[in-house]
Amino acid sequence: MASGGVSVASLWTEVNRSGQNGDYTRALKALTKILHENREDVTALHCKIVCLIQNGSFKEALNVMNTQTKVLGSEVVFEKAYCEYRLNRVESALKTIESATEQTDKLKELYGQVLYRLERYNECKAVYTDLIRNSQDEYEEERKTNLAAVLAAMSQWEKIIFPDLGLPELTYELCYNAACALIGQGQLTEAYNKLQKAEELCRLSLADDSDVTEEDIESELAIIHSQMAYVMQLQGRTDEALQLYNQVIKLKPSDVGLLAVTANNIITINKDQNVFDSKKKVKLTNAEGVEYKLAKKQLQAIDFNKALLSMYTNQADQCRKLSSSLQTQNPGHPRPVLIQVAQLCREKQHSRAIELLQQFSDQHPESASGIKLTMAQLYLIQGHVTKACDVLRSIKEFKHKPGMVSALVTMYSHEEDIDGAIEVFKQAIEHYHSEQPGSAAHLALVREAANFKLKYGRKKEAISDLEQLWKQNKKDVHTLAQLISAYSLVDTDKAKSLSKHLPSADTMSFNVDVDELENSHGATYVRKKAAKVTGEILPKEQGEGDVRKKRKKKKGKLPKNYDPKSTPDPERWLPMRERSYYRGKKKGKKKEQIGKGTQGAMAGASAELDASKTASSPPTSPRPGSATGSSATVGSNVAPPRQQKPASSGASRKKAPQKKKKSGKGGW
């Protein structure tokens, strides 16, 4: 009997009823009473752990398992691993699963989730493939969804492409994962179409549920819309992408990982513009738990963008601090160094930037290609063209690429180092001769080398290149002509023997219509044709000429109010302001009273009050020093009294302070 007269059997009945109803808090109370009677009841302990997990009390459940290890033994391996997984102790969860004596299906399911979180995708794929092959239950669709997610992650982060496994796309989750895999393969149009299909399936599946509101549907579609915006961004449709990203942000989805990725992508669109918006968005990437929701490469990209944003907002110390931390975390990655170099260049410290690049290049030669390209660019900015050429020639991966050869030849030509340019051509031709003889790239380099040598008068050196080209194509008359021209300076006999291979004049003549050619659109000079003589042209007699058709003059339209009796205004062709009778626009009385001069002056009455203009008028007040009522005339230099508005009581007028307008970006 339990305390209080309640039997253990009735308590178990209560546990069973509460479990079926989903009232795990009530079940826990009954289990506590059972364990009070028998602390080592394995079944009661197991049930208590399950109830705690159902209530989300993972720490408490783990504490129970750790304190009752001897009693429980291997009964709760799955529950312990699951609690560790939910508490983001993924490594501990992996050890717990691997220590299990028997690998059940539910333990394998959890094992797959743990491997996915640890980004061990190959092992995770093997686990889910085995589960799908050897199990048949109602969770088959979820397993296929998880397998599709693994394939998408491998395509996105490891650039591994697998053949189509024939996974059905009957749900929006499967469709979404298939679209993510296509994005990793670079098939953006197909991925976008697949995401549209996922959106349709999501709406259809949620529309049947009467309890689901439109807001719930939009919240569920947020991850699909964010991925659609990402595809738009990759396609260069940045305005559309930005609009869709902001719609997702406004929904405030509960998934902190989705918010962080969306905010980060908005920051990448803003770049060095709209930095205030970027500073607001970067706060979303710092939310709690983001590090457990995203892959390592996603977190790395967010950290890189934080450092770049610090640089764009002129926070030099913060930029250096973040980039140094990133370099410590990713010692072989070139991007943290490039961010530091960009900051140094903004501070005009190019020499220090080059030293930093050289140091990284010496320490990590396997990832020095991009670093050396940046070094060459900095040398060019400083005007050290030869040093830039030396750096570029030290990049083995790009040394013989046509683009690199072109850049080097251009720079050597700028420095008037023709021998250096020819040496670049020589090394590139030798490389292709040994690796890809007779290829299009090989022959193109030989052609460019020959033309370059001929351009700078090195005809003797161009002979070997021209001979090689002519042997490849004996019908190339242009190359043969160049070869004969080059041999004419060295070996005239050889030039004469080669000239025999030139086609005859008859074979070189083309059926060209000269008149049509001269009259063509691109002709710069057109020969005037003589008039064709069809018969004798007799001289015209005097007075005889060509009869031409005379065009009838149209009568001009008259205005509607035209009066034929009245004489027209002779000044009607002049603008109104220039006519002699123009007196200006009439103004209203109120407008006439408003003056444009000093405060208090009256425009209409100024002429009347000006005594200088009305010399005959008597003064309105006696002049100082004269007798009252004197009839003396007022001088023309006497100024009238200035009228002013009555001021406010005891204070002079001050200009009211204007309110500053609030800018659109939130600042004053």
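**View 1. The buried side of helix α2 and what covers it.** In helix α2, the residues that count as buried are Ala27, Leu28, Ala30, Leu31, Ile34 and Leu35. Viewed along the axis of α2, these buried residues stay within an arc of 165°, so they line one face of the helix.

**View 2. The whole predicted model, as context for the close-ups.** The structure shown is a predicted model, and the protein contains 33 helices and 0 strands. Of its 668 residues, 32% count as buried. When contacts in the protein between residues at least 6 apart in sequence are considered, 47% of them join residues at least 24 apart.

**View 3. Ser10 in helix α1, with Ala30.** Ser10 has its place in helix α1, and with a relative accessibility of 33% this serine counts as partly exposed. Although Ser10 and Ala30 are 20 residues apart along the chain, their C-alpha atoms are separated by 9.3 Å.

**View 4. Helix α4 and its buried face.** The buried residues of helix α4 (residues 58-67) are Phe58, Ala61, Leu62, Val64 and Met65. Around the axis they cover an arc of only 155°, which puts them on the same side of α4. The face of α4 that is turned away from the buried side carries Lys59 and Thr67, both exposed. Covering the buried residues of α4 are elements that include α3, α5 (69-72) and α6 (77-86).

View 5. Most residues other than glycine have a negative phi. With 22% relative accessibility, Glu119 counts as partly exposed. Glu416 likewise has a positive phi, near 60°, and is found in the loop between α24 (402-414) and α25 (418-435). At 70% relative accessibility, Glu416 counts as exposed.

View 6. Gln227 sits in helix α13 (residues 214-234). The relative accessible area of Gln227 is 16%, and this glutamine therefore counts as buried, the cut-off for buried being under 20%. When neighbours within four places in sequence are left aside, Gln227 is in contact with Tyr176, Cys180, Ile183 and Leu195.

**View 7. The packing of helix α22 against helix α23.** Two packed helices are described by the angle between their axes and by the distance between the axes. For α22 (residues 369-382) and α23 (residues 385-393), the angle is about 170° and the axes are 8 Å apart. That makes α22 roughly antiparallel to α23, since angles over 145 degrees are counted in this way. From α22, the residues Lys372, Leu373, Met375, Ala376, Tyr379 and Leu380 meet Val385, Lys387, Ala388, Val391 and Leu392 of α23. Sorted by class, this contact of α22 with α23 has 9 nonpolar, no polar and 2 charged residues.

View 8. In helix α26 the buried residues are His442, Leu445, Val446, Ala449, Ala450, Phe452 and Lys453. Seen down the axis of α26, these buried residues fall within an arc of 165°, so they line one face of the helix. On the other side of α26, Ala440 and Lys455 are exposed, while the cover over the buried residues includes α24, α25 and α27 (459-472). The 16 residues of α26 (residues 440-455) should span 22 Å at 1.5 Å a residue, and its end C-alpha atoms are 22 Å apart, which agrees. Just after α26, Gly457 adopts a positive phi of about 75°.

Technical notes. Residues numbered from 1 in each chain as written. Predicted model: local features only at pLDDT ≥ 70, side-chain atom pairs only at ≥ 80, totals over all residues. Heavy atoms only, no water. Axes fitted to C-alpha atoms, helices over the stretch in contact; angles between N-to-C directions. Helix = DSSP H or I, 4+ residues; strand = E, 2+ residues; numbered from the N terminus. Parallel < 35°, antiparallel > 145°, perpendicular 65-115°, else oblique. Contact = heavy atoms within 4.5 Å. Nonpolar A, V, L, I, M, F, W, Y, C, P; charged D, E, K, R; others polar. Buried < 20%, exposed > 50% of the residue type's maximum accessible area, 1.4 Å probe, protein only. Arc of directions from axis to C-beta. Expected span 1.5 Å × (residues − 1).
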